[in-house]
Amino acid sequence: MNYELIIGFATMMVIIHRAPLYHRFLEALMLDIKPFTCVLCSTFWLTFGFTLFTDPAHAIFISSSAAVLAEILDIQINKL
């Protein structure tokens, strides 16, 4: 299966969302709304867009798994 892809997308999106540069970029473009500021939503849509072209048969499974894993990782990082 694509476990490396799922883990890779999840950790990449958590790292991106923790960076202040990403939030400044969203504010500059006035995109400070839910699909871009929510870790779960943005991970799902970015992963879905990528896997729709590379592995369309499993795109929903990979996207939802990566999104849930990213949300769990973000919750655990916020606890620290």
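This is a tour of a predicted model, stop by stop, with something to select at each one.

The model is predicted: local features need pLDDT of at least 70, side-chain atom pairs count only at pLDDT 80 or more, and totals for chains, interfaces and linings use all residues. Residues are numbered from 1 along each chain as its sequence is written, and side-chain values use heavy atoms, with hydrogens and water left out.

**Stop 1: α4 and α5**

Select residues 39-54, which form helix α4, and residues 59-79, which form helix α5. Helices here are DSSP runs (H or I, at least four residues), as strands are (E, at least two), and they are numbered from the N terminus. Two packed helices are described by the angle between their axes and the distance between the axes. For α4 and α5 the angle is about 150° and the axes are 8 Å apart. The axes are lines fitted to C-alpha atoms, for helices over the stretch in contact, and angles run from 0 to 180 degrees between N-to-C directions. The angle makes α4 roughly antiparallel to α5 (under 35 degrees counts as roughly parallel, over 145 as roughly antiparallel, 65 to 115 as roughly perpendicular and the rest as oblique).

The crossing of α4 with α5 is right-handed. A crossing has that name if the near helix is turned clockwise from the far one by less than a right angle, and it is left-handed if the turn is anticlockwise.

Now show the side chains. On the α4 side, the contact is made by V39, L40, T43, F44, T47, F48, T51 and L52. On the α5 side, the residues include A59, I62, A66, A70 and D74. Contact means heavy atoms within 4.5 Å. By class, the residues of this contact are 12 nonpolar, five polar and two charged (Ala, Val, Leu, Ile, Met, Phe, Trp, Tyr, Cys and Pro count as nonpolar, Asp, Glu, Lys and Arg as charged, and the others, Gly among them, as polar).

**Stop 2: α1 against α4**

Which residues of α1 meet α4? They are L5, F9, A10, M12, M13, V14 and H17, and they meet V39, S42, T43, L46, T47, F50 and T51. The contact of α1 with α4 has nine nonpolar residues, five polar ones and no charged ones.

**Stop 3: two residues of α4**

Select T47 in helix α4. Is T47 buried or exposed? T47 is buried, with a relative accessible area of 0% (buried means under 20%, exposed over 50%, partly exposed in between, with a 1.4 Å probe and protein chains only). Apart from neighbours within four places in sequence, T47 is in contact with F9, I62, S63 and A66.

Next select V39, also a residue of helix α4. V39 is buried, at a relative accessible area of 7%. Not counting residues up to four places away in sequence, V39 touches V14, H17, A70, E71 and D74. The C-alpha atoms of V39 and L73 are separated by 9.8 Å, with the two residues 34 apart along the chain.

**Stop 4: T11 in α1**

Go to T11, in helix α1. T11 is partly exposed, with a relative accessible area of 32%. Draw a line from its C-alpha atom to that of L73: the two are separated by 7.6 Å, although T11 and L73 are 62 residues apart along the chain.

**Stop 5: C38 and C41**

Select the two cysteines C38 and C41. A disulfide is a pair of cysteine sulfur atoms within 2.5 Å, and the count by this rule is zero. The sulfur of C38 is 3.3 Å from that of C41, its closest cysteine sulfur, which is too far for a bond. C38 is buried at 18% relative accessible area, and C41 counts as buried at 19%.

**Stop 6**

Select residues 20-28, helix α2, and pick out L26. At 2% relative accessibility, L26 counts as buried. L26 touches L31, D32, F36 and T37, leaving out residues up to four places away in sequence. The C-alpha atoms of L26 and T37 are 8.3 Å apart.

End at M30, in the loop between α2 and α3 (34-37). Most residues other than glycine have a negative phi. M30 is not a glycine, yet has a positive phi of about 55°. M30 counts as exposed, at 71% relative accessibility.
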